[in-house]
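Please open the model in your viewer and keep the sequence panel beside it. The stops below say what to select next and what is to be found there.

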Amino acid sequence: MKILKYVTITTAFFFITFSNAQSSIKVSLMEDAEAPIVSKHIYGHFAEHLGRCIYEGLYVGEENKLIPNTAGVRNDIIEALKELDIPNLRWPGGCFADTYHWKDGVGPKEDRPTMVNRWWGGTTEDNSFGTHNFLNLCEVLGAEPYLSANVGSGTVQELIDWVQYTNHDGISPMADWRRENGREEPWKVKYWGVGNETWGCGGNMTAEYYADIYRQYATFMPGWSGETEVYRIASGASEDDYHWTETLMKNVPHELMEAVALHDYAVFDWSDKGPSVNFDKEVYFKSMEQALKMEEYVTKHIEIMDKYDPEGNVDLFVDEWGGWYDAEEEVKNGVLFQQNTIRDVMIAGTVLNTFNNHARRVKMANLAQMVNVLQAVILTDEEKMIKTPTYHVMHMYKVHHDAKLVPSTIKENPQYRGLPVLSVSASKDETGKIHISLVNIDPEKDMPVEFDIAGLGIKNIKGQLLTSDKLQDHNSFDEPEKVTPKEFKGAKLKKDKISLTIPAHSLIVLQGEYK
């Protein structure tokens, strides 16, 4: 039986004219005993062998004496990721995954073959960063590893061997080889992607063909020794390819598939994605128009999943998402390197709110990507490292990790050129604190807000604000702290109401506490 508690939030949005102001936005929050938990895995990350993400970014090598590192991984990045409490990390791709043969990346480094990264820049890699490096890093971070397996150019046996190498604690050829390579205990890897973007760089397959291929691979992927649960993720649709999701849900037995993926980037023109910094308001609008389509895509893919799986046994993983712009040409080996501005704060805040609000099905998401690529949380330049505005969004939003969703409904949301201005999600953590995430995407107008918190018993309110003067503002190696969260003191609590004003192009996270 549902136990419901209704809370109404009223957000006032004033547009000054010669006569009077527009009516306020009304947002209702409904505390529901049966609401889902917002899985911490929604706040996952992605590291692909692409540009300077792995080499010259995350991994500088064990012999590097200039940059402090642990087993070749930068210490400053390790500490920054620990501060985020990252729940999972996806590797090695991406498109790279379907050309990667994992056995080339284990064993003595002097014996490993080189490979050409044909997807990303044609660079030659020495395979010095491999399975052991990645899985040991995940242990250091306390993050679940998510391995993306090679289906496009690999074999079923190759994947079987990888599962056995990482997970089997008994006697077997792969487990024995792991021990020879210096690792006694298995890592017990749970999350396995069966191919990546198989409709494109992963093989240009049809949905029907991939469904059969997936069934074959998934059949041979049970856990080893009955001790490790293997969570199989089907290569999913791009954006609004609903036929792909329907084909998988209809043609793959659900006992063979724990999750189906979805990819969506905030790209309005793949042939001209626009600059990462020197963009105008027209480009900003187009970027936000595409980013906000995530709500439509997630909703419709979930509707299809509900049709074939009403019990909700198969999860939805949005394992690639983020802003994607034209690369900065002056950066050496800067394939897909881009800066990160207040626009990215707007994208991250609104998309994460969408995932929170769809937590019933969305159980994992992976921001693309972690270091030096696309909407990265960290940028590096030799010994220098900076945290991007998106890093700060992920840090502010970690209050939602494994908290109980407080469902929200926005009525009469004002529009910015046809786009809803306000984005909201809320949750209640295990201590009873309520956190509310608010994003105002309007580039020019502040938004007065009034929350009705009657019945919640909140006696104290505090918050953090993330914004800057211009949409184009960003953190650079010369100004690494230009965009950082500030304490928000503008929230006023009086008679079961909280009033505040959200500045233009800003993000606020409020915390309601009990005295």
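Begin with helix α9 (342-357), which, with five residues, gives the most to the lining of the second largest pocket. Helices here are DSSP runs of H or I with at least four residues, strands are runs of E with at least two, and both are numbered from the N terminus. The model is a predicted one, in which local features need pLDDT of at least 70 and side-chain atom pairs count only at pLDDT 80 or more, while totals for chains, interfaces and linings use all residues. Residues are numbered from 1 along each chain as its sequence is written, and side-chain values use heavy atoms, with hydrogens and water left out.

**The second largest pocket**

A pocket, on a 1 Å grid over the protein atoms alone, is an open set of points where a 1.4 Å probe fits, with protein on both sides within 12 Å along at least five of seven lines, and its lining residues have an atom within 4 Å of a point. The volume of the second largest pocket is about 350 Å³, taken as the space filled by probe spheres set on the points, which are joined across faces, edges and corners. Its lining holds 19 residues, and those closest to the centre are E295, T354, N357, L422 and S423. By class, the lining has ten nonpolar residues, eight polar and one charged, where Ala, Val, Leu, Ile, Met, Phe, Trp, Tyr, Cys and Pro count as nonpolar, Asp, Glu, Lys and Arg as charged, and the others, Gly among them, as polar.

Next select H358, in the loop between α9 and β15 (362-368). H358 counts as buried because its relative accessibility is 16%, the limit for buried being under 20% relative accessible area (1.4 Å probe, protein chains only). Leaving aside neighbours within four places in sequence, H358 is in contact (heavy atoms within 4.5 Å) with E295, V298, T299 and I302.

**The nonpolar core**

Now colour W321, F355 and L500, which touch the most other members of the 150-residue largest nonpolar core. Such a core is a set of buried Ala, Val, Leu, Ile, Met, Phe, Trp, Tyr and Cys residues joined through side-chain atoms within 4.5 Å. The element that gives the most to this core is again α9, with eight residues. A second, separate core has eight residues, including Y191, I233, A259 and A261.

**Parallel strands around β10**

Select β10 (residues 144-149), where five of the six residues are buried. It pairs in the parallel sense with β7 (residues 88-91) over four bridges, pairing being defined by at least two DSSP bridges between two strands. Four bridges also join β10 to β11 (residues 191-194), again in parallel.

**The largest pocket**

Finish at the largest pocket, where about 430 Å³ of space lies. Of its 19 lining residues, R52, V331, T380, D381 and E382 lie nearest the centre, and the lining divides into eight nonpolar, four polar and seven charged residues.

Conventions:
Buried means under 20% relative accessible area, exposed over 50%, partly exposed in between (1.4 Å probe, protein chains only).
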